[in-house]
Every structure is written in structure tokens, then in C-alpha cells.
Amino acid sequence: MKLFLDTANLDEIREGVRWGVLKGVTTNPTLIGKEEQDFLPLVKEICSIVEGEVSIETASDDPDLLIRQGHEIAQIADNAVVKISISPNGLSATRKLSDEGIKVNVTLCFSPTQALLAAEAGAHIISPFLGRLDDIATDGLRLLSDICEIYATQGYQTQVLAASLRHPVHVVEAARMGADIGTMPFKVFEALVKHPLTDAGFKKFSDDWDQAKPHLGELLPSMQEA
Ligand code: E4P
């Protein structure tokens, strides 16, 4: 499963890239608004930092504007993906843009029927929002499992992007179910690497190394500094 950050924060994205595991970024109007920066330079910068795909959301449900915004977003960078909310107009724009070879991420998906429609419209990505379903006492992981099963059975090429992930268990379950991509806030991304036994184990090994070092004779040059 490819790991994406759900953010428009440049420091978080640079840190994810530094780890060597970040494969892409998703943004939305809320995340863009939080950064309080000029839109176009910000999204251009994100696209230049990340090698993988960057989803940039349209801001309309008007049929003509969706197409125009889709064309303009696709021009921002080679790795820009046009994000469109699911609706009749959104599906129609997805069909048109996809037929032109433009990659579309159909977003705000909360049902298997919406995912079926997005795949039939030629979407490159479908984004089911797990956390927002959990928030209203509905099983978000169940939706993801249904979509993965339907897409596998039907042989759709549309990638399943597990979105609105709120904690590491969401990430683990999304990977287990076969999601192609998981997008998450930086705090969830950071939590993936942490384990108290790793911290305790590293501290013990460091202490033992410090004690043993004076008696270990010849060391590697880089170990003399540690
Ligand atoms: C994904 O593309 C969305 O931007 C995102 O995952 C929404 O997450 P939220 O429900 O935490 O806002």
C-alpha cells in the first residue's frame, strides 16, 4: 500500500520525503486554507517536492467550471491529479477528463454504489472516507472492504485510496484489505514508526554500548564517534 500524506504543509511533506517512504500527497480546500499561503505557488511547491501523485481539489459543482478547473489543475505539474467530489456533474467531468487522459481522484465517497459509479466513469482513484463514517457510528472499514472486493471482482483499474484515516489501526486494516493507497495526517504517519519497546530497546543497547566500548579494542571509525 502506498503511503500518502493528507496535508498541504510543506514541512510535513519534506519530512515524509526525507523518510524515504512517502509516495504522494492529498490536499483539500480545508487543508489548503490552513496554510494561509497563495494557492498556486503552494500547490506547485508540493508537486515539486513529492515524486508521486498530488491530488488537488476542484472548487465547484458546475459542469463547465469542473472541466475548466480540471484542465488547469492538470497543467500545474505532471504529477497533479484532479480531485472531484462525487455527484452527477462530478461523474460527467470525470468521464470527460479521463477520456482526455487526465487523472481524476473521485472524492467524498461514502458508499459502494458511489465507488462503482466512479470506476465506471473512468476514475484513476476513488477516495472512501473511513474516519468520517466512523464519526457517525457507521463502519468505515466495512465500506473499504466492500469497495476492494467489488473492484477485484469486476477487475476495475481504479485505485482505492483509503482516506480520512484517523489512527494506525485504520492504516493496518486498509493495508490488510488491499487498498492501493492510504492517506493520513502527519500525526498518524509519525505514529506508524513509534513503539515503546523500540524506544526502551534502543536505550538499553545504547547504555550497554557505552559501558562496553572502552573494552572492545579496535572499532570501526564511525563507531568511535557513537
Ligand atoms: C482525502 O483526500 C481527504 O482530504 C481526507 O482524508 C479527509 O480527512 P478528514 O476526514 O480527516 O478531514
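Two strands are taken to pair if DSSP finds at least two bridges between them. Helices (H or I, at least four residues) and strands (E, at least two) are DSSP runs, numbered from the N terminus. This is a predicted model, in which local features need pLDDT of at least 70 and side-chain atom pairs count only at pLDDT 80 or more, while totals for chains, interfaces and linings use all residues. Residues are numbered from 1 along each chain as its sequence is written, and side-chain values use heavy atoms, with hydrogens and water left out.

**Overall fold**

The chain has 12 helices and eight strands. A closed barrel of eight strands runs in the order E1-E2-E3-E4-E5-E6-E7-E8, with parallel pairing. From one strand to the next the twist averages 25°. Along the principal axes, the C-alpha atoms fill a box of roughly 75 × 40 × 30 Å. Of the 226 residues, 46% count as buried (under 20% relative accessible area; exposed is over 50%, partly exposed in between; 1.4 Å probe, protein chains only). Contact means heavy atoms within 4.5 Å. Among contacts with a separation of 6 or more, 55% come from residues 24 or more positions apart.

E8 pairs with strand E1 (residues 2–6) in the parallel sense over four bridges. Strand E7 (residues 159–162) also runs parallel to E8, joined by two bridges. The table lists residues that stand opposite each other.

| Residue | Partner in E8 |
|---|---|
| Leucine 5 | Methionine 184 |

From E7 the chain crosses through helix H9 (residues 168–177) to E8 in a right-handed β-α-β crossover (with the strands pointing away from the viewer, the path from the first strand over the helix to the second runs clockwise). His170, Val171, Glu173 and Ala174 of H9 are buried. The buried residues of H9 pack against E1, helix H7 (130–135), helix H8 (140–154), E7, E8 and H10. Glycine 178 follows H9 and has a positive phi, near 95°.

**Helices H1 and H3**

Axes are lines fitted to C-alpha atoms, for helices over the stretch in contact, and angles run from 0 to 180 degrees between N-to-C directions. Helix H1 (residues 10–19) packs on helix H3 (residues 39–49) at an angle of about 5°, with the axes 10 Å apart. H1 and H3 are therefore roughly parallel (under 35 degrees; over 145 is roughly antiparallel, 65 to 115 roughly perpendicular, the rest oblique). Leu10, Ile13, Arg14 and Val17 of H1 meet Leu42, Glu45, Ile46 and Ile49 of H3 in this contact. H3 also lies across strands E2 (22–26), E3 (53–57) and E4 (80–85), and runs at about 160° to E3.

**Aromatic pairs**

Rings of Phe, Tyr and Trp (its six-membered ring) pair if their centres lie within 6.5 Å; planes under 30 degrees apart count as stacked, over 60 as edge-to-face and the rest as tilted. The structure holds four such pairs. One of them is the edge-to-face pair of tyrosine 151 and tyrosine 156, at 5.4 Å centre to centre and 80° between the planes. Both tyrosine 151 and tyrosine 156 are buried. Phenylalanine 186 and phenylalanine 189 form a tilted pair, with 6.0 Å between centres and 35° between the planes. These two phenylalanines are three residues apart in helix H10 (residues 186–191), so about one helical turn separates them. Phenylalanine 186 and phenylalanine 189 are buried, and together with Trp19 they form one aromatic cluster.
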